[in-house]
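Biologist: Could you take me through one part of this model in some detail? I'd like to look at the ligand site and the charged residues around it.

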Amino acid sequence: MRLTKQFKQAIEILERIETYGHQAYFVGGCVRDLLLNREIGDIDIATSARPDVIQDIFSKVIPVGVEHGTVIVRHKHQSYEITTFRVDDDYTDKRHPDSVQFVESIEQDLKRRDFTVNAMAMDKSGKMIDPFNGEEDLRKGIIRTVGKGYDRFNEDPLRIMRAVRFSSQLGFSIDQHTLQAMESVLSELNSIAVERIQQETSKFFAGSYIETGMYYFKMINLAKHLPVLADNPCILERLPNPIKPLQSFGAVMAMFHFIDPAITIDTWIRGWKCSNKIKFEAESLDEALYHYKHDGLNRWLVYRLHSDSYNDFTVLANMLFDDDLSIKRVKEIARSLPIHSKQDLAINGEDVCKLFPDRQPGPWIGNILKRLEMKVVTGDLRNNEKVLKEWTKWNPHVTD
Ligand code: ATP
Ligand code: MG
């Protein structure tokens, strides 16, 4: 196995902890992704050392969840989540374990983890600790719970969402027993905070193997237990086929709204308790799709779209209109734009005001700037101070 630079740097942390007489391992998603040759997100570390010991050993420590045994250590400009070996005592509220209990061995810690492929640890020399045969399941491409599925999903029903999310990200099938257990515990999803469900659903729709994930999503009728979808079960049948990965949840919300315009974006956003950022993404993609449908791709559309949304816009346009738009074309248009925001205009509100000294400042200034912005973006006017002032003086009708 070839360790990436990312891991080599993180080994220094394991060594440091070991110098103080404690055990430390890489654990969870980073081990899984290393074995799969996937890009690694965060490097998580599990240790026998208590949080206060870690705080003593390292100089830059952020105590994010000491009561759960977790701290973040900064090392060479990277962050590492370091969690003390623990078991979760009880899950009576189905959201957070009632209390955690620190334990002595990595094996005990691995037992509390959700799926076999997420329950492997690796030491600094690359030796695997794999009591649940996660490596074999990785090879076979299977999502399987650690322990009895029914108990594990009951303990924390969010794991149902996590199972379909990993299936969508990794293209894995879900073990038959695990799937049955998911189905029998489905209604417990109602006890989980919507924000946590949203996080998993967002990763689900961004998965490279969304088709595989969607197969299970539909098979167990997950929609019946999710916000807004529960009241509108037909939407799922009207999803684009094939469906492609969408990077932002705003794009997912825009897609659902497009499929059934009677359900407003606001309804989706409120139902899924989305942030303002997601709301903004959804609204701007919705607007872009509307313009694309009527006028095709043009400079004004691309100008109004945030560059982070270019990819999702292209994917949505192709899925919903059966088009063959390339992101290259969107980027070409973006590069050709004379300005990228109103601030780039050669004149500002003050300049406009001075052109009409007899008028009181008011909304008319903004209206003029908006017209100028559009004319410059579409190429009708050159972004030059003299040109813009001349045009404004000779077009008094837009001042109202
Ligand atoms: P990603 O690449 O998306 O971060 P990940 O596997 O690292 O994937 P996380 O949500 O970051 O997923 O969780 C880190 C690890 O913690 C998991 O690999 C798993 O071992 C454990 N874990 C996380 N959530 C749960 C849960 N609800 N129940 C049991 N174990 C969990
Ligand atoms: Mg992670």
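Of the 14 residues around ligand 1, which come nearest?

Modeller: Arg 32, Asp 156, Arg 159, Arg 162 and Arg 165 come nearest, out of 14 residues around ligand 1 (a residue is near if one of its heavy atoms lies within 4 Å). Keep in mind that this is a predicted model, where local features need pLDDT of at least 70 and side-chain atom pairs count only at pLDDT 80 or more, while totals for chains, interfaces and linings use all residues. Residues are numbered from 1 along each chain as its sequence is written, chains are lettered from A and ligands numbered from 1 in the order written, and side-chain values use heavy atoms, with hydrogens and water left out.

Now for the polar contacts (N or O pairs within 3.5 Å; within protein, one atom must be able to donate a hydrogen and the other to accept it, and residues adjacent in sequence count only if both atoms are side-chain atoms). Arg 165 puts a polar side-chain atom 2.7 Å from an oxygen of ligand 1, and for a side-chain N or O of Arg 113 the distance to a ligand oxygen is 3.1 Å. On its own ligand 1 exposes 590 Å², and the protein buries 77% of that (Shrake-Rupley areas, 1.4 Å probe). Two elements give two or more residues each to the shell, α2 (29–35) and α7, and α7 supplies the largest share, four residues (helices are DSSP runs of H or I, at least four residues; strands are runs of E, at least two).

Some of these residues also take part in salt bridges (a Lys or Arg side-chain nitrogen within 4 Å of an Asp or Glu carboxyl oxygen). Arg 162 pairs with Asp 114 at 2.6 Å, N to O. That pair ties together distant parts of the chain, 48 residues apart: Asp 114 sits in the loop between α4 (106–111) and β8 (121–122), and Arg 162 in helix α7 (residues 158–170). Asp 114 has a relative accessible area of 7%, so it counts as buried (under 20%; exposed is over 50%, partly exposed in between, with a 1.4 Å probe and protein chains only).
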